[in-house]
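Reader: Please take me through this model, term by term. I want to see each label set against its cut-off.

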Amino acid sequence: MKVSYHGHSVIQIQSGGKNIIIDPFITGNPLTDLKAEEVTADVILLSHGHNDHVGDTVALAKRNDALVVATDELSTFLNWQGVKTHGMHIGGSYQFDFGRVKLTQAFHGSSYHTNDNQIIYCGMPAGILFMNEGKTIYHAGDTALFSDMKLIGERHPIDLAFLPIGDNFTMGPEDAAYAAQLLNAKKVVPIHYNTFPPIKQDPYQFIELLSNQNGLVLSPGESIEI
Ligand code: NI
Ligand code: MN
C-alpha cells in the first residue's frame, strides 16, 4: 500500500482501491501540500477532537460521502453535523471493507473548540492501528510517552509508525525515540512538528536518536510503499 505524508499529522493511505486519510487538518495548516477543496477520501480516521486533527473533516466527508471513524463521542458530535460515522473506543477493533482499525490509548486531551468560544468534549484521545494487506500502520495521534506502547507493539507487530515529535503538546524527540524502541516498529516517521512555533523540531536530529529503528523523514507530499 501507498502511504503519504501531508504535513502536521495528516497521513493518506491508499490500500485495496480505497483512499483513507488520517487527521485531515488542511485549511490553516501552513505545511500541507494539499488543497482542501481538492482532497478525495473514502474514509477519514480521526485520533482525537482537537481542531488541528479534525480539521476539514466535515466538509471533506460531506463532499466525498466519506465514512468517519473515531471514538464514540467524537463520531457522535460529527454525525450530528450530517456526517456518516462509525464510533469505536479504546481497545476495540473492527474489520471494515477497507481494512481493520483498532483504537489504542493516548495520553492527551480531546475537545473541539468552536468559533464562539465553546469547548466541546470529545471523549478520550486515541492512537490508531490500521491493518490491511498483511501490514500494520500505527498513528500515535497526539500523546505523551507511555510504557504500554511496548504492549501495542507486542500485540500488533508494527511495520510503520507515525510518532509526534513536536514536544510542548506531545512527546518531544527524546521521548519519541524511546517510544519507537518500545513499539519496536520496523520504520518510524516523525509527525506533528514545525507547524507552529512551539513545536519547532529538527526531524533529522530525531532520526539520529533512534537505535534499532529505521527512521525516515517524509516531506509534505512524499510517499512510501510498504
Ligand atoms: Ni491534540
Ligand atoms: Mn495536535
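Predicted model: local features only at pLDDT ≥ 70, side-chain atom pairs only at ≥ 80, totals over all residues.

Reader: What makes E6 and E16 edge strands?

Author: Start with the order, E6-E5-E4-E3-E2-E1-E16, an open sheet of seven strands with mixed pairing. Strand E6 (84-88) and strand E16 (223-225) each pair on one side only, and that makes them the edges. Strands are DSSP runs of E, at least two residues, and helices are runs of H or I, at least four, numbered from the N terminus. From one strand to the next, the twist averages 20°.

Reader: How do you know that E5 and E6 pair?

Author: Pairing requires at least two DSSP bridges between two strands. E5 (residues 67-71) and E6 have five bridges, in the parallel sense.

Reader: Which strands does H2 touch, and what is its angle to E4?

Author: Helix H2 (residues 57-64) packs on the sheet and touches strand E3 (18-22), strand E4 (43-45) and E5. Contact means heavy atoms within 4.5 Å. The direction of H2 makes about 160° with that of E4. Axes are lines fitted to C-alpha atoms, for helices over the stretch in contact, and angles run from 0 to 180 degrees between N-to-C directions. Helix H3 (residues 72-79) also packs on the sheet, touching E5 and E6, at about 140° to E5.

Reader: Which residues of H2 are called buried?

Author: Thr 57, Val 58, Leu 60 and Ala 61. Buried means under 20% relative accessible area, exposed over 50%, partly exposed in between, with a 1.4 Å probe and protein chains only. Those H2 residues pack against E3, E4, helix H1 (51-54), E5 and H3. After H2 comes Asp 65, with a positive phi near 55°.

Reader: Why is Pro 30 called exposed?

Author: Its relative accessibility is 54%, so Pro 30 counts as exposed. Pro 30 sits in the loop between E3 and E4. Pro 30 and Asn 194 are 164 residues apart in sequence, yet 9.3 Å apart in space, C-alpha to C-alpha.

Reader: What makes E7 and E15 edge strands?

Author: They belong to another open, mixed sheet of seven strands, ordered E7-E8-E11-E12-E13-E14-E15. Strand E7 (93-96) and strand E15 (214-215) each have a single partner strand, so one side of each lacks a neighbour in the sheet.

Reader: Why is E13 described as largely enclosed?

Author: Five of its five residues are buried, so E13 is largely enclosed by the rest of the structure. Leu 160, Phe 162 and Pro 164 point one way, Ala 161 and Leu 163 the other. In a regular strand the side chains alternate between the two faces of the sheet. Strand E12 (residues 135-139) runs parallel to E13 (residues 160-164), joined by three bridges. Ile 137 has Leu 160 as its bridge partner, and Tyr 138 stands opposite Ala 161. Helix H5 (residues 173-183) lies across E12, E13 and strand E14 (187-191), at about 155° to E13.

Reader: Is Glu 133 partly exposed or exposed? And Asn 184, buried or exposed?

Author: Glu 133 has a relative accessible area of 48%, so it is partly exposed. Asn 184 has 54%, so it is exposed. Glu 133 lies in the loop between strand E11 (126-132) and E12, with a positive phi near 55°. Asn 184 lies in the loop between H5 and E14, and its phi is positive too, about 55°.

Reader: What is the volume of the largest pocket, and what lines it?

Author: About 180 Å³ of space lies in it. A pocket is an open set of points on a 1 Å grid over the protein atoms alone, where a 1.4 Å probe fits, with protein on both sides within 12 Å along at least five of seven lines; lining residues have an atom within 4 Å of a point. Points are joined across faces, edges and corners, and the volume is the space filled by probe spheres set on them. The lining includes Ile 90, Lys 102, Asp 148 and His 156. E8 (99-105) and helix H4 (149-155) each supply at least two lining residues, and E8 gives the largest share, four.

Conventions. Residues numbered from 1 in each chain as written. Chains lettered and ligands numbered in written order. Heavy atoms only, no water.
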